[in-house]
There are 2 protein chains.
Amino acid sequence: MGIEIERKFLVASDAWRAAAHAVVPMAQGYLNDAASIASGAQNASVRVRIEGDVAFLNIKSREAGTTRQEFELPLPVDDAQALLKLCVGGLVEKRRHLVRHGAHLWEVDEFLGDNAGLVVAEIELDAADEVFAHPDWLGAEVTAHQRYFNLALAARPFSRWDAAERG
Amino acid sequence: MGIEIERKFLVASDAWRAAAHAVVPMAQGYLNDAASIASGAQNASVRVRIEGDVAFLNIKSREAGTTRQEFELPLPVDDAQALLKLCVGGLVEKRRHLVRHGAHLWEVDEFLGDNAGLVVAEIELDAADEVFAHPDWLGAEVTAHQRYFNLALAARPFSRWDAAERG
């Protein structure tokens, strides 16, 4: 178990692409639904993810904001494929680009399918107030905006957002 | 991933105790709630179980009856203890006794806590119509009765059943 501290931002331009040094295709889904988590009927999300040629089951406690308990269990890819069929809501597909900037590694998620057009950049930190260099291509912070949670994107993808929500 | 075929029975007497050759203490809970599974809002139960000195995360597809998809992932016991705190509904605690009879191994679950007084015997089979020897202590079959599901026992324990339900 780890405590996860991450901050999430939009991107202001495509300039991150030139600095990306790796890309991993990802497909993921959730065994429980966003409404159950949001209502407090359940305390943790249970995610199935295939990333490249490996797979994981990932459990996160539901606290909003930057700090959550996180558990990650390796999973055979065959099992992950079967589990994705048991998921509720849509699957979230994306390409995760790794972009080093200063001392930190950014994960820039370029969403596909029903979430195509959405690009977000995440950084994992050791402390909530940790200082980090802001790259030029970084846009507005959306860490606290629940509609950007992958769990929410499975239930209500970017293609269904209105203009105000897209910002 | 395995396909699980199991049948569940009440016990008609305590005679199984003399034949029990091992006992494992178990504590388990569910990250999703029985109502979400029952309503079809979710397709699989996600169980955390500590059994003796090991722990597992177990995912079962929600089909009622004897055949279900089952996935079992080993889990560090420390993580399991943290995850039990994220579970919804009550914890289910029991002693699992292993009882060999003929060619089969029975698991006799003696429930504790809020489910004290309930004892059920389970057998795992290779086929739904597999023939097996019925020990003298075996009672009525309850495989299809959802209130005996451990998931249901977490939400509505035996102590809250009325006389008709206890049979």
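The points below take up the relation of the copies, their interface, one serine and the salt bridges.

1. Please keep in mind throughout that this is a predicted model. Every value quoted here is computed from that predicted model.

2. On the relation of the copies, chain A can be laid on chain B by a turn of 180 degrees and a shift of 0.0 Å along the axis, with an RMSD of 0.0 Å. The two copies are thus related as by a two-fold rotation axis. Of the interface residues of chain A, 100% are also interface residues in chain B, so the copies meet through the same surface.

3. On the extent of the interface, the contact draws 24 residues from chain A and 24 residues from chain B. Between them the chains bury about 2,000 Å², and 67% of that area lies on carbon and sulfur atoms. Three residues deserve a look on the chain A side, namely F71(A), L73(A) and L86(A), which supply 26% of the area that chain A buries against chain B, more than any other three residues.

4. On the polar side of the same interface, the rule finds zero salt bridges across chain A and chain B, whereas it does find eight residue pairs in polar contact, with both residues of a pair at pLDDT 80 or more. The elements β3 (44–51), β4 (54–61), β5 (67–75) and α3 (77–84) of chain A each supply at least two residues of the side that touches chain B, and β5(A) gives the most, with five residues. By residue class, the side of chain A that touches chain B divides into 16 nonpolar, six polar and two charged residues.

5. On S45(A), is this residue buried or exposed? S45(A), which has its place in strand β3 of chain A, has a relative accessibility of 10%, and because residues under 20% are taken as buried, it counts as buried. Leaving aside residues up to four places away in sequence, S45(A) touches Y30(A), N32(A), I37(A), N58(A), I59(A), K60(A) and L151(A).

6. On a second pair, D109(A) forms a salt bridge with K94(A), and here the closest N and O atoms are 2.9 Å apart. The pair links distant parts of the chain, with D109(A) in strand β7 (residues 104–111) of chain A and K94(A) in strand β6 (residues 88–101) of chain A, 15 residues apart. Both D109(A) and K94(A) are buried.

7. R156(A) is partly exposed, its relative accessible area being 33%.

Technical notes
Residues are numbered from 1 along each chain as its sequence is written. Chains are lettered from A and ligands numbered from 1 in the order in which they are written. This is a predicted model: local features need pLDDT of at least 70, side-chain atom pairs count only at pLDDT 80 or more; totals for chains, interfaces and linings use all residues. Side-chain values use heavy atoms; hydrogens and water are left out. Contact means heavy atoms within 4.5 Å. Buried area is the accessible area (1.4 Å probe) that two parts lose on being put together, summed over both. A salt bridge is a side-chain nitrogen of Lys or Arg within 4 Å of a carboxyl oxygen of Asp or Glu. A polar contact is a pair of N or O atoms within 3.5 Å; within protein, one must be able to donate a hydrogen and the other to accept it, and residues adjacent in sequence count only if both atoms are side-chain atoms. Helices (H or I, at least four residues) and strands (E, at least two) are DSSP runs, numbered from the N terminus. Ala, Val, Leu, Ile, Met, Phe, Trp, Tyr, Cys and Pro count as nonpolar, Asp, Glu, Lys and Arg as charged, and the others, Gly among them, as polar. Buried means under 20% relative accessible area, exposed over 50%, partly exposed in between (1.4 Å probe, protein chains only). Copies are superposed by least squares on the C-alpha atoms of residues with pLDDT of at least 70 in both.
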